[in-house]
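Good morning, and thank you for making time for this presentation.

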Amino acid sequence: MPMNDPAELERYLHEQIPLTRAMEVHVAECDGTRLVLTAPLAPNRNHLQTAFGGSLHTLATLSGYSLLWWLLGEPQAHIVIRESTIRYDRPVRGELRAVCRAPDAATLTRFREDFSRKGRARLTLEATIEEAGEVAVQFRGVFVARR
């Protein structure tokens, strides 16, 4: 099913990726230029009462996956993460908020052309986890889409 509104995307994530329900992931915003996912601290905290590193990595990965799904608009596409790097700059003590921005138009066009021509394409996306307007986590992931 093509995604055309944030609520529909959130439903899809909760149905297809059960972990998103446990984390209480919410699609806060998606307009094609950026996607914002949020999750409350309580189900994602560690023993220090800050966000668990695995939850932060998961939310950042999901933001890239979700944005690519939205941008590609191919309901039958299979999207996976091939590799990722993450840097934790400071602890997150409140709501988890992942922001993934769309690549520039030329990069996105090249990705779509490769996908259309080869049935497979790769795209690198960057996301941040922000708290109180400051970047706490920086993520970079290489995603692959295939038919």
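I shall speak about the sheet, then the helices that accompany it, and lastly a group of aromatic residues.

Please keep in mind throughout that this is a predicted model.

Let us begin with the sheet. In what order do the six strands of the open sheet stand? The order is β1-β2-β4-β5-β6-β3, and the pairing is antiparallel. The edges are taken by β1, residues 26–30, and β3, residues 78–88. Each of these has a single partner strand, so one side of each is left without a neighbour in the sheet. On average, and ignoring direction, neighbouring strands of this sheet are turned by 25 degrees against each other.

Let me now turn to particular strand pairs. Strand β4, residues 96–101, runs antiparallel to strand β5, residues 120–131, and three bridges join them. Within this pairing, A98 has I129 in β5 as its bridge partner, and C100 stands opposite A127 in β5.

One of the residues involved is A121, whose bridge partner in β6 is A145. β5 and β6 form a hairpin with two residues between them. In that turn, A132 has a positive phi of about 55 degrees.

Helix α1 lies across β1 and β2, the latter being residues 34–39, and α1 runs at about 145 degrees to β1. Helix α3 packs on the sheet as well, touching β1, β2, β3, β4, β5 and β6. The direction of α3 makes about 35 degrees with that of β4.

Helix α4 covers residues 105–118, which is 14 residues. From its first C-alpha to its last, α4 reaches 20 Å, close to the 20 Å expected at 1.5 Å a residue. Which residues of α4 are buried? They are L108, F111 and F115. Seen down the axis of α4, these buried residues fall within an arc of 60 degrees, so they line one face of the helix. The buried residues of α4 pack against α3, β5 and β6. On the other side of α4, A105, S116, R117 and K118 are exposed.

Finally, the aromatic residues. How many aromatic pairs does a search of the whole structure find? It finds two. In one of them, Y12 and W69 are stacked, at 5.0 Å centre to centre with 20 degrees between the planes. Y12 belongs to helix α1, residues 6–16, and W69 to helix α3, residues 53–72, so this pair ties together parts that are 57 residues apart in sequence. Y12 counts as buried at 14% relative accessibility, and W69 counts as buried at 5%.

The other pair is Y65 and W69, also stacked, at 6.3 Å centre to centre and 20 degrees between the planes. Y65 and W69 are four residues apart in helix α3, and therefore separated by about one helical turn. Y65 is buried too, at 14% relative accessibility. Taken together, Y12, Y65 and W69 form one aromatic cluster.

Thank you for your attention.

Definitions and conventions: Residues are numbered from 1 along each chain as its sequence is written. This is a predicted model: local features need pLDDT of at least 70, side-chain atom pairs count only at pLDDT 80 or more; totals for chains, interfaces and linings use all residues. Side-chain values use heavy atoms; hydrogens and water are left out. Rings of Phe, Tyr and Trp (its six-membered ring) pair if their centres lie within 6.5 Å; planes under 30 degrees apart count as stacked, over 60 as edge-to-face and the rest as tilted. Buried means under 20% relative accessible area, exposed over 50%, partly exposed in between (1.4 Å probe, protein chains only). Two strands pair if DSSP finds at least two bridges between them. Axes are lines fitted to C-alpha atoms, for helices over the stretch in contact, and angles run from 0 to 180 degrees between N-to-C directions. Contact means heavy atoms within 4.5 Å. The expected span of a helix is 1.5 Å times one less than its number of residues. The arc is that of the directions from the helix axis to the C-beta atoms.
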